[in-house]
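Please go through the structure shown below together with this briefing, which turns from strand pairing to packing, helices and model confidence.

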Amino acid sequence: MTLSLSSSRHVSLVASLIAACQATPTATTQAPPAPAAPAVPIATVTPAPAPSASPAPVDTASHATAAFAFRDAVIEAPPGWQGPRFKLNHDYPKARPSCDAPWLKRAVSFTDPKQTWGAAWAGYIQDVVDYVRAGQDDNLSDEAGFRTQVAGQARWFHVPWMAYEGQRGREFVHGLTNELSTAESTFVGRGGGHHHLLGAKKVNGHDALFETWSIGFYNPCGAYSIGQSFPASGEPATSGDPSGEKLFAQGLPFADGTVVVKILNTTADERSVPYLKGSTNWQAHGHKQESPTTYSTCDRAVTHVHLVQMDLAVVDTRSPTRWVYSTLAYDGRLPGKTVWERLKPIGVQWGSDPATFPAVPKAQSKPPRETLIAPIGVPQHYGCEKRLAGVVDQANSSCVSCHMSAFAAPAGVLQKQGVNVPYVFNFDGLCTTPNAANTSYFSDYAYPAQVPGTAFKQAIPLDSSLQLQVAFQQYAVYKHPDQPRTCPNPTLAASP
Ligand code: HEC
């Protein structure tokens, strides 16, 4: 997601489209018939959320704040749209759910320097995949999408404020957001905006560039914390002494048993990337493609995207960072009958490997021991010095190193990396030069610690959630209408 709003282009078509669209009728997707009860009986919401009382009258300003925070898409579906329609699930649990989970009982080691990818970790990740897959369509069809209701209960929730920003914000079909290209130097977050894919071949003589469109989901344990940080007002809820040293977001840290899944889709298809054969085929209101290598900044058009990577993040407080990350790669050449069976873990990571280059000089560097890479046949690159990262991720970072840098500036204050929040990415010498910045970035620390060696006293720790960081930043952008926008200023189509 963009946190850099440096150029101001105005595409009047988008403005007129926004104006033309009316408030949507009730969503038609994501209410499938209740599937069989999941085999893994965890993380259900107990007790049931309190029934919401009739809303108190609100003033217009705060009404608009909540409407922007919790809206479904940057541009709503046009009248007569017959396809799936994304509905933001922000009915976050009001009480902390029970968050027991089978993988938390797996006897895995977070310290053994000799271990390799083996049965213990494979079983751990499989437990998480079983939980994520429960109740979902076998092939994640366009029509079914990724369901938020599982066995009659709300299982998956979304982060607010990600449909605010016009260039990258959520589209109306599946709620996908676009990720920024590495070319943009002020970029906060992972690469993947316009990029090549490993293993891609030329189509009609063109070395095409692709876009990544993705969406994240939090399970009830995680969603409880999100709902505390962003209550119904849509404004971030923080506590602490704003003039002093420490500020916190309500509801954090996330509890053991929190699961976050992120589905990453690419505009590439099997014609150029053979291992995408038989992948999903989702419609997405993406950027209008202008040539094999260029896409419009603000103009959108319904296009198709295909699952290439599925990211997993779970809280396990046995980990030195509190978190365990894994990613599954899609490989259409595998024999499995369903999309799920053709998704394979490429590894697991629970720390940033502080004893490995460039946290230490090459001469002292040890092989990574907080990433375990799984054997896999699909073309992949990994992260910095073979720490974990996926095929549409930055090869000079890693899951944990990027995510542990998730901090926000105080509510309503614009975030500037290296000024009031730490670098998530893109600092001088990243992964190449052993320096203090790399030693901090590739170190292990856990909520509520600040990034070691940094002194952003008011940076609010977000317990590794970069989507929460996006939400804080978009709220701050909203509070600064004077800041330049990449695409026209968001407007509300109609009162929801
Ligand atoms: C270069 C930085 C970077 C790297 C590397 C990275 N991510 Fe992320 N990730 C982000 C950003 C930024 C977001 C929030 C915006 C979004 O979802 O698009 C995010 C979002 C997520 C989310 C949704 C929840 C959250 O924390 O915001 C998950 C889950 C996730 N990433 C998992 C992974 C996994 C697994 C890997 C490694 C395979 C990985 N990420 C590598 C930057 C990164």
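Strand β7 (residues 259-266) pairs with strand β9 (residues 294-315) in the antiparallel sense over eight bridges, where two strands count as paired if DSSP finds at least two bridges between them. Helices (H or I, at least four residues) and strands (E, at least two) are DSSP runs, numbered from the N terminus. This is a predicted model, in which local features need pLDDT of at least 70 and side-chain atom pairs count only at pLDDT 80 or more, while totals for chains, interfaces and linings use all residues. Residues are numbered from 1 along each chain as its sequence is written.

**Strand pairing around β9**
- Strand β8 (residues 282-291) runs antiparallel to β9 and is joined to it by eight bridges, with Gln-283 having His-304 as its bridge partner in β9; a hairpin of two residues links β8 to β9.
- β9 also pairs with strand β10 (residues 323-330), again in the antiparallel sense, over seven bridges, and here Val-315 stands opposite Trp-323 in β10.

**Nonpolar cores**
- A nonpolar core is taken as a set of buried Ala, Val, Leu, Ile, Met, Phe, Trp, Tyr and Cys residues joined through C-beta atoms within 7 Å; a residue is buried if 20 or more other C-beta atoms lie within 10 Å of its own, exposed if 12 or fewer, and partly exposed in between, with C-beta atoms placed from the backbone.
- The largest such core holds 110 residues, of which Val-128 and Ala-471 touch the most other members, and its largest share, nine residues, comes from helix α7 (residues 466-478).
- Not counting residues up to four places away in sequence, Val-128 touches Trp-103, Val-259, Leu-312 and Val-314, contact being defined by C-beta atoms, placed from the backbone, that lie within 7 Å.

- Helix α3 (residues 119-133) has 15 residues and reaches 20 Å from its first C-alpha to its last, close to the 21 Å expected at 1.5 Å a residue, the expected span being 1.5 Å times one less than the number of residues.
- The buried residues of α3, including Trp-121, Tyr-124 and Val-128, pack against β7, β9, β10, β11 (343-349) and β12 (371-373).
- Just after α3, Gly-135 takes a positive phi of about 80°.
- Helix α7 is mostly covered, since 13 of its 13 residues are buried.

**The loop residue Gln-450**
- Gln-450 lies in the loop between α6 (436-441) and β14 (460-461), and this residue is partly exposed because 16 other C-beta atoms lie within 10 Å.
- Leaving aside neighbours within four places in sequence, Gln-450 is in contact with Phe-456 and Ala-459.

**Confidence and overall composition**
- The mean pLDDT of the protein chain is 86, and 84% of its residues reach 70 or more; pLDDT is the predictor's confidence in each residue, from 0 to 100.
- Over residues 1-53 pLDDT stays under 50, as it does over residues 181-192. Where pLDDT is low, the predicted coordinates should not be read in detail.
- The protein chain has seven helices and 14 strands, and buried residues make up 50% of its 496 residues.

Key
Two residues are in contact if their C-beta atoms, placed from the backbone, lie within 7 Å.
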